[in-house]
Every structure is written in C-alpha cells, then in structure tokens.
Amino acid sequence: MKKTAYWRQLLLYVWVAPITVWCLPLALLAKWTGGGYAIHSGVLEIWGGWVGQRLDRGIPFLGAVNAITIGHIVAGVSPQHLHNSRVHERVHVTQFEHWGLLFPFVYFIAGIRAQQRGGSFYWDNPYEIEARTRAAAAKGKS
Ligand SMILES: [Zn+2]
C-alpha cells in the first residue's frame, strides 16, 4: 500500500470509529455464545452465536437479514452468509466511509422516503439498490 493510501485508509477508520467502536462488544458476545470473529480485508467480521440468531430472527426495520454492516464491522448469521454477501456488505462499508457517523441517519431517512413513495424501506432504499447493483456487477465479472 502506498503511503498516501495508508494514511487515507487510517483516516477512514478514525472517521467511522464512533460507529465501529460502539459495536465491538458484539465480537465477544458472538464468540462467547458459540460464534466467532475474524478480520477479513480490513473489516471485522462477526458471525453466529447470539448475534447470528438475532440477525436470523429479525431486527427493527430490516427484518431477518443474512448480514449487516456497522462501520468497519460486518455481522452475519454464519461464515457462509458473510462469504455470500461480502461484495454487497463492502459497498455498505464504503457508504459508511463516505458519510461517517451520519450514515445510519442518512440510510434511515432514505428508507423512510422510499416508504413514503410507496416502496419498501429496504428494497427501495437507494443505498441498498447501490449495494445490490454493484454486487450483481461483480458477480457478472467472475
Ligand atoms: Zn444491504
């Protein structure tokens, strides 16, 4: 990694840290309840245990999800779910890096506006559309 790229990435970690740090305990919670965690391509991936069960059962506004991005953390139902959704979730990491602390609010407002237009909070949310489009494009390339 070039020196400027290194500093840029470090700044992005710091910029998103107020969100990321808040969710770090999820790694231990997952580990202690039968799941695990690991760093993959600069992101802390957490899976299984209580965290995985919670995602599988459903979370507010999104319902049951395979994986969710919170700053530089991606939590998933299982390692397989994380693998399958990696490109999609990395798009959300980039969105977090763009908006920083504001991203959860920006995402939420975009979802509410999608609902007001008669669409779905999740499926018609422009940030989800971007993630799906880029993941589909990446799939097409491989
Ligand atoms: Zn998504």
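Residue numbers start at 1 in each chain and follow the sequence as written. Because the model is predicted, local features need pLDDT of at least 70 and side-chain atom pairs count only at pLDDT 80 or more, while totals for chains, interfaces and linings use all residues. Helices (H or I, at least four residues) and strands (E, at least two) are DSSP runs, numbered from the N terminus.

**Sheet**

Four strands form an open sheet in the order β1-β2-β4-β3, with mixed pairing; two strands pair if DSSP finds at least two bridges between them. β1 (36-40) and β3 are the edge strands, each pairing on one side only. From one strand to the next the twist averages 20°, where axes are lines fitted to C-alpha atoms, for helices over the stretch in contact, and angles run from 0 to 180 degrees between N-to-C directions. β1 and β2 run antiparallel and are joined by five bridges; His 40 stands opposite Val 43 in β2. These two strands form a hairpin with two residues between them. β3 and β4 are also antiparallel, with four bridges, and Thr 69 has Val 74 in β4 as its bridge partner. Helix α3 lies across β2, β3 and β4, at about 75° to β4.

**Core**

A nonpolar core is a set of buried Ala, Val, Leu, Ile, Met, Phe, Trp, Tyr and Cys residues joined through C-beta atoms within 7 Å. The largest one has 22 residues, and those with the most contacts inside it are Leu 26, Ala 30, Ile 46, Val 51, Ile 73 and Ala 75. Two or more residues each come from α1, α2 (25-32), β2, α3 (49-57), β3, β4, α5 and α6.

Contact requires C-beta atoms, placed from the backbone, within 7 Å. Beyond four places in sequence, Ala 30 touches residues including Tyr 37, Ile 46, Trp 47 and Trp 50. Trp 47 lies in strand β2, and its contacts outside four places in sequence include Ala 30, Gly 76, Pro 79 and Leu 82.

**Exposure of selected residues**

A residue is buried if 20 or more other C-beta atoms lie within 10 Å of its own, exposed if 12 or fewer, and partly exposed in between, with C-beta atoms placed from the backbone.

| Residue | C-beta atoms within 10 Å | Class |
|---|---|---|
| Trp 47 | 25 C-beta neighbours | buried |
| Phe 61 | 13 C-beta neighbours | partly exposed |
| Ser 41 | 8 other C-beta atoms | exposed |

Ser 41 is in the loop between β1 and β2 and has a positive phi of about 45° although it is not a glycine. Phe 61, in the loop between α3 and β3, also has a positive phi, near 70°.

**Helix α5**

The 14 residues of α5 (residues 86-99) should span 20 Å at 1.5 Å a residue, and the end C-alpha atoms are 20 Å apart, which agrees; the expected span is 1.5 Å times one less than the number of residues. Its buried residues are His 88, Glu 89, Arg 90, His 92, Val 93 and Phe 96. Their cover includes α1 (3-23), β2 (43-47), β3 (67-70), β4 (73-76), α6 (103-116) and α7 (126-141). Just after α5, Gly 100 takes a positive phi of about 60°.

**Annotation**

An unreviewed UniProt entry places a "transmembrane region" at residues 12-39; such annotations may be inferred rather than shown by experiment, and UniProt positions are given here in the numbering used, with feature names shortened. Over residues 12-39 the chain is 71% helix and 14% strand, with end C-alpha atoms 16 Å apart.

Technical notes. Contact = placed C-beta atoms within 7 Å.
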